[in-house]
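Here's a protein model to explore, one piece at a time. Keep the picture open while you read, and look up each residue as it comes along.

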Amino acid sequence: MSLWAIVPVKPLRRGKSRLAKVLTPDECTALNEELLANTINTLMSVPEIAHVLVVSRDQAALSLARSLGARTVQENGAPQINVALSRATVIAKTYATQSVLVLPADLPLITPEDILVMLSKAVDPPVVVVVPDRNKNGTNALILSPPDLIEYQYGNNSFKKHCELALEAGARLEICELSSLILDLDEPEDLALLEKKLNIELK
């Protein structure tokens, strides 16, 4: 299975703005850089992933991604994650990829083993593998095989929307709940949960 991983990234200095209550701007930037690097390095350690493609409108994020060996595509115009992901998917398809894995760069606990678990569920297409966040509202990871099977629905209630579209498309739907992937860093309470899980203070 030819698989590309697509990583959408907000501007490093402005991403995670809701964490500004507990982190300084420099701390937020450093956290975003660390999350992006960890995501790329984890993905690139999985042999089943042919290429990692980072999509962002932030030159700093794209530069960091290229330094780690990832391919990049720059967003144009007003930021809209679903449009950006669709554009990145079109690029991946020009290289005859058979599947795409969309993975946001804010999953601090992700491991190569998690990715392999997801990939094990993505056999016998057409199939959609969805990893929900801990509130079962957002989508923390998504595999589409083939890559244009459904339209992206990131935003409010994306987990339910992705599941509904998969069923409407006649695809097999695999809901994959992994304890290490349900936690993304969006709110101060997410940071507190990560600190508790790792028994550290992130400052």
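Let's begin with a pair of strands: β1 (residues 3-9) and β2 (residues 49-56) run parallel and are joined by seven bridges. Two strands pair here if DSSP finds at least two bridges between them. Across this pairing, Trp4 stands opposite His51 in β2.

Before going further, a word on the source. This is a predicted model, in which local features need pLDDT of at least 70 and side-chain atom pairs count only at pLDDT 80 or more, while totals for chains, interfaces and linings use all residues. Residues are numbered from 1 along each chain as its sequence is written, and side-chain values use heavy atoms, with hydrogens and water left out.

**The whole chain**

The protein chain has six helices and seven strands. Helices (H or I, at least four residues) and strands (E, at least two) are DSSP runs, numbered from the N terminus. Read from the N terminus on, the elements go β-α-β-α-β-α-β-α-β-β-α-β-α.

How much of the chain is buried? Of the 203 residues in the protein chain, 49% are buried. Buried means under 20% relative accessible area, exposed over 50%, and partly exposed in between (1.4 Å probe, protein chains only). The accessible surface of the protein chain comes to about 9600 Å², and carbon and sulfur atoms own 52% of that. Such areas come from the Shrake-Rupley method with a 1.4 Å probe, and for residues only the protein chains shown count as cover.

Now for contacts, which means heavy atoms within 4.5 Å. Take the contacts in the protein chain between residues at least 6 apart in sequence: 64% of them join residues at least 24 apart.

Which residues of β4 are the partners? Leu3 has Ser99 as its bridge partner, and Ala5 has Leu101. On its other pairing, β4 runs antiparallel to β6, through three bridges. There, Leu101 has Ile143 in β6 as its bridge partner. Both faces of β4 are covered, with Ser99 and Leu101 buried on one side and Val100 and Val102 buried on the other.

Thr97 sits in the loop between α3 (81-93) and β4 (99-102). Leaving aside neighbours within four places in sequence, Thr97 is in contact with Ser2, Leu3, Trp4, Ala92 and Pro147.

**A few buried residues**

| Residue | Relative accessibility |
|---|---|
| Thr97 | 7% |
| Asp114 | 9% |
| Tyr152 | 6% |
| Tyr154 | 11% |

Asp114 lies in helix α4 (residues 112-120). Not counting residues up to four places away in sequence, Asp114 touches Leu109, Leu178, Ser180 and Leu181.

**Rings**

How many aromatic pairs does a search of the whole structure find? The search turns up two. One of them is Tyr152 with Tyr154, a tilted pair at 6.4 Å centre to centre, with 35 degrees between the planes. Rings of Phe, Tyr and Trp (its six-membered ring) pair if their centres lie within 6.5 Å; planes under 30 degrees apart count as stacked, over 60 as edge-to-face and the rest as tilted.

There's a charge over a ring, too: Arg71 lies over the face of Tyr95, at 4.9 Å from the ring centre. The rule here is that NZ of Lys or CZ of Arg is within 6 Å of the ring centre and within 35 degrees of the ring normal.

**Helix α5**

Finally, have a look at α5 (residues 158-168), whose buried residues are Ser158, Phe159, His162, Cys163 and Ala166. Why are they on the same side of α5? Because they cover an arc of only 135 degrees around the axis, going by the directions from the helix axis to the C-beta atoms. An α-helix has 3.6 residues a turn, so residues three or four places apart point the same way.

What covers the buried residues of α5 includes β5 (127-132), β6 (139-145) and β7 (172-175). The face turned away from that buried side of α5 carries the exposed residues Leu167 and Glu168. After α5 comes Gly170, with a positive phi near 75 degrees.
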